[in-house]
Amino acid sequence: MSNTNNTSESQGSQQSSRKTQKSQEAQKQQEAQGAQRSQESQESRRPRPMEVLREARAQLAELTGMTAESVSSFEQTEEGWTLEVEVLELERVPDTMSLMASYQVELDAEGQLTGYRRARRYERGRADARGSGGR
């Protein structure tokens with residue numbers, strides 16, 4: 001009888017071991033699927049261009065304390081985004097004499113500002129001679 005008990009116990013132990021192994025495999029598979037879904041979610045949640053534009057203007061305004069009036073260029077790069085933002089630097093009367101500036105703004109792939117620099121300054125009322133073949 002003791003042999004029968006040992007055999008039953010060993011069969012029960014083997015079944016329990018198989019169940020544990022299957023449970024661990026299922027858990028690993030679920031974790032892998034969850035990680036894949038998370039990665040797909042992050043990739044599919046790349047910000048849309050208009051979200052990037054709005055966020056870039058807001059971040060630049062917060063950092064510089066100046067009003068971002070418009071975005072004059074916008075480009076997606078391998079690292080993220082590059083924008084040129086027109087900013088009111090010094091308000092004057094008449095408005096056409098106000099000092100404006102173009103800032104080159106760099107953002108990462110998620111739309112977070114990683115750097116900016118002033119590219120040029122100009123009076124609002126002046127025509128842009130840059131790139132137009134001006135004298």
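This is a predicted model: local features need pLDDT of at least 70, side-chain atom pairs count only at pLDDT 80 or more; totals for chains, interfaces and linings use all residues.
Four strands make up an open sheet, ordered 1-2-3-4, and their pairing is antiparallel. Strand 1, residues 67-76, and strand 4, residues 113-123, stand at the edges, and each has a single partner strand, so one side of each is left without a neighbour in the sheet. On average, and with direction ignored, neighbouring strands here are turned by 20 degrees against each other. Helix 2, residues 49-64, packs on this sheet, where it touches strand 1, strand 2, strand 3 (99-108) and strand 4, and its direction makes about 135 degrees with that of strand 1.

Strand 1 pairs with strand 2, residues 80-90, in the antiparallel sense over eight bridges, and Phe-74 stands opposite Leu-83 in strand 2.

How many aromatic pairs does a search of the whole structure find? The search finds two. Phe-74 and Trp-81 form a stacked pair, with 5.2 Å centre to centre and 20 degrees between the planes. Of these residues, Phe-74 is partly exposed at a relative accessible area of 33%, whereas Trp-81, at 3% relative accessibility, counts as buried.

Tyr-103 and Tyr-116 form a tilted pair, at 5.9 Å centre to centre and with 50 degrees between the planes. This pair links distant parts of the chain, since Tyr-103 lies in strand 3 and Tyr-116 in strand 4, 13 residues apart.

Methods
Residues are numbered from 1 along each chain as its sequence is written. Side-chain values use heavy atoms; hydrogens and water are left out. Two strands pair if DSSP finds at least two bridges between them. Helices (H or I, at least four residues) and strands (E, at least two) are DSSP runs, numbered from the N terminus. Axes are lines fitted to C-alpha atoms, for helices over the stretch in contact, and angles run from 0 to 180 degrees between N-to-C directions. Contact means heavy atoms within 4.5 Å. Rings of Phe, Tyr and Trp (its six-membered ring) pair if their centres lie within 6.5 Å; planes under 30 degrees apart count as stacked, over 60 as edge-to-face and the rest as tilted. Buried means under 20% relative accessible area, exposed over 50%, partly exposed in between (1.4 Å probe, protein chains only).
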